[in-house]
Amino acid sequence: MKAIRYHEFGSTEVLRQEEVDQPVPGAGEVLVKVAATSFNPVDDHIRLGVLAEMIPTALPITPGLDISGTVAELGDGVNGLQVGDPVIAMFPLDQHGGAAEYAVVAAGLVTAAPRSITLTDAASLPLTGLAARQAAVELAGIKAGQTVLVNGAGGAVGSLVVQLAVEAGATVTAVDGPQHADRLTGYGAKVLGPLHLDAGPAAVGGPFDVVVNHVRLGAEDLAKLTPYVADGGIVVSSAGPVPGDETRAVRTAGVWVRPDGSHLAELVSRIDSGVLELHIADRRPLAELQAVHQDAGNGKLLGKTVIVVA
Ligand SMILES: NC(=O)c1ccc[n+]([C@@H]2O[C@H](COP(=O)([O-])OP(=O)(O)OC[C@H]3O[C@@H](n4cnc5c(N)ncnc54)[C@H](OP(=O)(O)O)[C@@H]3O)[C@@H](O)[C@H]2O)c1
């Protein structure tokens, strides 16, 4: 089968299209005929090798942490799925495999694909959806009546956090560039342009019960977000640690996304009931994966990009 892999860490040049053996599902695993995968910023960091110590992964690596596709074969002991079922999954961060015609994934990580969107577009959900759920639900525990600031709200994860927070009944202030404003307003958020971090929380209607950050800032700028959290509140970041403040009982938490089939199923039901909307900026063929990694490295990706495999 066709796959894009790399045998060493490095620049985008290491990504190569190869003919490899089709994987065989073991006990408890599922073989998926891949329809699509998606690009996540972490794919770039893993390929560069900067996460090699934190996430030890055997080379060669077939990138792509998300998959959508149809079940092609079931390993021993797999129940509840049938050949031909449309499914989605996120791989564990030390596995990967979406950039190939077929992929093997543990059955417990596989969930029925949403029915209300195309199978291709469904590949944009797993990692970003699970990261957003972890931030908004598990870590921040956003509740009705709270005030929430989302920095980097127009991005793949931020867009879902905004929608989960609005669904929970919070009053949400969404911060990002003007190109995202109409969409974020449509989700029910109050929308502001990028923060002037030194201006302080009062300039944007804060402090807030919950601050969720998705913008990769330096340590000094990340620390400037702490005063935006009200006493007793929490700051959650997916893009570098923001310090808490014990004197004001401000807690801090970092997102570390992990695959979970049942959490993914909850997100799928929200997509199908219209509570959650996915924003896909671009769809590109597998043959362009190297160019997608290059665009990401140069800050040229338009936003969430689905990689179409079949
Ligand atoms: N730790 C984990 O488990 C985990 C999981 C998922 C994601 N992440 C990380 O979380 C971050 C967000 O991921 P993503 O997939 O959502 O990326 P993304 O789609 O690129 O979103 C980032 C958003 O931040 C916006 N932004 C950039 N600078 C800004 C600024 N100064 N003020 C306000 N907004 C700004 C970007 O705007 P433009 O559209 O104008 O560029 C974009 O909308 C990445 O750093 C990613 O690596 C971590």
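I count two strands as paired if DSSP finds at least two bridges between them. Helices (H or I, at least four residues) and strands (E, at least two) are DSSP runs that I number from the N terminus.

**Before looking.** I'm working with a predicted model, so local features need pLDDT of at least 70, side-chain atom pairs count only at pLDDT 80 or more, and totals for chains, interfaces and linings use all residues. Residues are numbered from 1 along each chain as its sequence is written.

I looked up an open sheet of six strands, and its order is 10-9-8-11-12-13, with parallel pairing. Strand 10 (190–192) and strand 13 (251–254) are the edges, each pairing on one side only. From one strand to the next, the twist averages 15° (axes are lines fitted to C-alpha atoms, for helices over the stretch in contact, and angles run from 0 to 180 degrees between N-to-C directions).

N151 has N213 in strand 11 as its bridge partner.

**The domains.** Domain 1 is 2–124 + 280–308 and domain 2 is 128–254; such bounds come from an automatic or database domain assignment. Their C-alpha centres lie 29 Å apart.

**The ligand.** I found 26 residues around the ligand, the closest being P41, G152, G155, S238 and V257. A residue is near if its C-beta atom, placed from the backbone, lies within 6 Å. Helix 1 (41–48), helix 3 (126–139) and helix 4 (156–168) are the elements giving two or more residues to this shell. Helix 4 has the largest share, three residues.
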